Amino acid sequence: MNYTKRVLRTHLSNNNVEQELRRVIDNLAGSAKYIGDVIRSSTHGLAGTKNIYGEEQATLDVLADTIIRERLQFETSFHVQALASEEQGQIVQLKADSGRYSVTVDPLDGSSLLDANLSVGSIFGIHEGHLLDERTGRESLVAAMYVLYGPETTLVYTAGQGVHEFTLDGVGNWVLAQENLHLDGKRKIYSPGGKRSEWTTNHRDFINDIEKQGHTLRYSGALVADVNHLLKKGGGIFSYPAVQGKPEGKLRLLFELQPLAMIAEQAGGAATDGKEHILNLVPQQLDQRSPIYIGSHFEVDLAYQYLGLGK
Ligand code: F6P
């Protein structure tokens, strides 16, 4: 396989990803390069620090959000209808009249870990048409992608034909690292979110069962890093459940959970809120949250059993 055949753009076209969608993915992948660079050259995203002119510096979350928005806004080879970002309270209409796709983004997931020099990520969802228009995630999402800023910068995407991983090389190319990542349950990892003292009884029983089966605990505090861990090792489960006083859990459906659920399903795994597939939910508002159990089938099916509500 020669070098050009292994870069993201070629991979997208070889997989017959439609041209405008290819361009959207390429644009977002380009933004991630800038975000990675800003992370590596920053003072750990400290809020309230001042630049050399004495001006208050934006946090890295805000910078990442600006990079993504401006690169979509100033793009001329295609138009995106709308952008919804976890950093903004409302949908930004970019070219409502001409674009085919809309984008959701969590610009810097896990950003509170930056001062400890831990891995963080960006999560992207690409939807056909409008956002929040009463469709399920399964009906509107056409592609999902995340970028993990770790010891290496890696990108994982699906456009409905498997899940593929790329690594950013030294000259700015996304080079194919692994095709068809698969959640086949070979490895037993569990990443249990939420405070144990606030878990429901059903969730605690589920985790006890998982622990009895000898799963290894791995929880980083960044959703992208934890889900990537499952994908790279081939199995296990990440959960962030309903907790006391917060039946909706912590994580956001539109920005975080549905894009990652699409990736999990495309890798042969699953994602549920305990009652329903995450992709079958209809996001009603931008900051809607949901409990999540995501990973390989064995563990997600077990979660359904403990939460008692069938599939
Ligand atoms: O959504 C933000 C986030 O930082 C996720 O990346 C992560 O999985 C989760 O919150 C961590 O939450 P907690 O600090 O409660 O474990």
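Colleague: What makes the pair Asp 133 and Arg 135 a salt bridge?

Modeller: First, this is a predicted model. The closest N and O atoms of Asp 133 and Arg 135 are 3.0 Å apart. The cut-off is a side-chain nitrogen of Lys or Arg within 4 Å of a carboxyl oxygen of Asp or Glu, so the pair counts as a salt bridge.

Colleague: Why is Asp 133 called partly exposed?

Modeller: Asp 133 has a relative accessible area of 30%. Buried means under 20% and exposed means over 50%, so Asp 133 falls in between. Arg 135, at 21% relative accessibility, is partly exposed by that rule.

Colleague: How do you know that Asp 26 and Arg 9 form a salt bridge?

Modeller: Their closest N and O atoms are 3.1 Å apart, and the limit is 4 Å. The pair links distant parts of the chain, with Asp 26 in helix α2 (residues 19-40) and Arg 9 in helix α1 (residues 8-14), 17 residues apart.

Colleague: Which label does each of these two get for accessibility, Asp 26 and Arg 9?

Modeller: Asp 26 is at 23%, which lies between 20% and 50%, so Asp 26 counts as partly exposed. Arg 9 has 57%, which is over 50%, so Arg 9 is exposed.

Colleague: What makes Arg 196 and Glu 211 a salt bridge?

Modeller: The N to O distance between their side chains is 2.8 Å, within the 4 Å limit. Arg 196 sits in the loop between β9 (189-192) and α5, and Glu 211 in helix α5, 15 residues apart. Arg 196 is at 39% relative accessibility and Glu 211 at 28%. Each value lies between 20% and 50%, so each residue counts as partly exposed.

Colleague: How many salt bridges does a search of the whole structure find?

Modeller: It finds eight. Glu 18, Arg 100 and Glu 128 are linked in a network of salt bridges.

Colleague: How do you know which residues of α5 and α8 meet?

Modeller: Contact means heavy atoms within 4.5 Å. By that test, Asn 202, His 203, Asp 205, Phe 206, Asp 209 and Ile 210 in α5 meet Glu 299, Leu 302, Ala 303, Tyr 306 and Leu 307 in α8. These residues divide into six nonpolar, two polar and three charged.

Colleague: How do the axes of α5 and α8 lie?

Modeller: The axes of helix α5 (residues 201-212) and helix α8 (residues 297-307) come within 9 Å and cross at roughly 145°. The crossing is right-handed.

Note on methods. Residues are numbered from 1 along each chain as its sequence is written. This is a predicted model: local features need pLDDT of at least 70, side-chain atom pairs count only at pLDDT 80 or more; totals for chains, interfaces and linings use all residues. Side-chain values use heavy atoms; hydrogens and water are left out. Axes are lines fitted to C-alpha atoms, for helices over the stretch in contact, and angles run from 0 to 180 degrees between N-to-C directions. Helices (H or I, at least four residues) and strands (E, at least two) are DSSP runs, numbered from the N terminus. A crossing is left-handed if the near helix is turned anticlockwise from the far one by less than a right angle, and right-handed if clockwise. Ala, Val, Leu, Ile, Met, Phe, Trp, Tyr, Cys and Pro count as nonpolar, Asp, Glu, Lys and Arg as charged, and the others, Gly among them, as polar. Buried means under 20% relative accessible area, exposed over 50%, partly exposed in between (1.4 Å probe, protein chains only).
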